[in-house]
Amino acid sequence: MFVRSYKSILANDRLVTAIIMKLFVVLCCFVLAQAQIPKPCESPKQWEGNILRVDRGTAVKPANERLKVSYDETNQRVREITEYSFTPKPGQETYEVIYLHQTKKEYRINLVTRKCNVTTLTRPFMPDGVPSNATFEGFATVGAAGISGQSLNVQNWKLTSGTETFYGVVTSPDCVPVQHTHYMPPSTFVVSSFFDITAGIRDASVFTPPTECNQE
């Protein structure tokens, strides 16, 4: 009887040990999986480069233009110059636009007439990188995967705020913007593709409105 009871206790101990080990393995796998999910990365705070912007929310046909951009997240200011429009409309004009979010001013300068229109900037500054509360959507490879020098590893992120949705694609691991999509039904659908990005601002005076704007 004693031998049988001992064997029964031993079998129960082995069963409990096996269950604990399985739970431990499952817990380790869960912790490892959570550790592999990237946290929102930090994109360069200041850079210059070009953007190919497609606005599919226009009534007639998508507005497709190439812009030269100076971006300063630290001081919440952006300067854009229209270099080329791929979908020109009759009488369409090109502009230099300076967005100064800290002073809530937008300066729009006609590149031909040099006439400047100053308006109040009401929309908040939206970083072109990854917001701190964005959700990770997965990794991807742009180009030919597995061929040296012919591909780029990227991360996909998503942020929903009310009726607005932002999708961001950045390089991995340096977090340089590759593409940014802003969608808000029924009329807002803007896709911006970034290229020729260089870190830093060579000349901070590009954010100073020209004399045509008659600053007070």
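This is a chat about a predicted model of one protein chain.

Visitor: What am I looking at, and how are residues numbered?
Guide: The model is predicted, so local features need pLDDT of at least 70 and side-chain atom pairs count only at pLDDT 80 or more, while totals for chains, interfaces and linings use all residues. Residues are numbered from 1 along each chain as its sequence is written, and side-chain values use heavy atoms, with hydrogens and water left out.

Visitor: How many helices and strands are there?
Guide: The protein chain has one helix and 11 strands. Helices (H or I, at least four residues) and strands (E, at least two) are DSSP runs, numbered from the N terminus. The order from the N terminus on is α-β-β-β-β-β-β-β-β-β-β-β.

Visitor: What share of the chain is buried?
Guide: Of the 216 residues, 31% count as buried. Buried means under 20% relative accessible area, exposed means over 50%, and partly exposed is in between (1.4 Å probe, protein chains only).

Visitor: And how much accessible surface is there?
Guide: About 14200 Å², with 57% of that belonging to carbon and sulfur atoms. Accessible areas come from the Shrake-Rupley method with a 1.4 Å probe, and for residues only the protein chains shown count as cover.

Visitor: Which residues make up the largest nonpolar core?
Guide: It has 11 residues: Trp 47, Ile 51, Leu 67, Val 69, Tyr 71, Val 78, Val 97, Tyr 99, Leu 121, Phe 125 and Phe 194. A nonpolar core is a set of buried Ala, Val, Leu, Ile, Met, Phe, Trp, Tyr and Cys residues joined through side-chain atoms within 4.5 Å.

Visitor: Which elements give two or more residues to this core?
Guide: Those are β1, β2 and β4. The largest share, three residues, comes from β2.

Visitor: Why would nonpolar residues group like that?
Guide: In soluble globular proteins, nonpolar side chains tend to be buried together.

Visitor: What does Trp 47 touch?
Guide: Not counting residues up to four places away in sequence, Trp 47 touches several residues, including Val 69, Tyr 71, Phe 194 and Ile 197. Contact here means heavy atoms within 4.5 Å.

Visitor: New topic. How many salt bridges does a search of the whole structure find?
Guide: Eight. A salt bridge is a side-chain nitrogen of Lys or Arg within 4 Å of a carboxyl oxygen of Asp or Glu.

Visitor: Which residue does Lys 45 meet in a salt bridge?
Guide: Lys 45 meets Glu 73, at 3.1 Å from N to O. Lys 45 lies in the loop between α1 (2–36) and β1, and Glu 73 in the loop between β2 (63–72) and β3 (77–85), so the pair ties together parts that are 28 residues apart in sequence.

Visitor: Are those two buried or exposed?
Guide: They fall in two classes of the cut-offs: Lys 45 is partly exposed, with a relative accessible area of 34%, and Glu 73 is buried, with 18%.

Visitor: What about Arg 79?
Guide: The side chains of Arg 79 and Glu 96 meet in a salt bridge of 3.1 Å, N to O. This pair links distant parts of the chain, with Arg 79 in strand β3 and Glu 96 in strand β4 (residues 95–100), 17 residues apart. Arg 79 and Glu 96 are both buried.

Visitor: Where does Asp 72 lie, and which residue forms a salt bridge with it?
Guide: Asp 72 lies in strand β2 and forms a salt bridge with Arg 77, the closest N and O atoms being 2.7 Å apart. At 0% relative accessibility, Asp 72 counts as buried, while Arg 77, at 21%, counts as partly exposed.

Visitor: Which polar contacts does the Asp 72 side chain make?
Guide: Among them are one with the side chain of Gln 46 at 3.0 Å and one with the side chain of Asn 75 at 2.8 Å. A polar contact is a pair of N or O atoms within 3.5 Å; within protein, one must be able to donate a hydrogen and the other to accept it, and residues adjacent in sequence count only if both atoms are side-chain atoms.

Visitor: Last one: which residues make the nonpolar surface patch of about 270 Å²?
Guide: Tyr 167, Tyr 183 and Phe 189. Patches are made of residues with over 30% relative accessible area and no salt bridge, with like charges joined within 9 Å and nonpolar side chains (Val, Leu, Ile, Met, Phe, Trp, Tyr) within 5 Å. Tyr 183 lies in strand β10 (residues 177–184) and counts as partly exposed at 37% relative accessibility.
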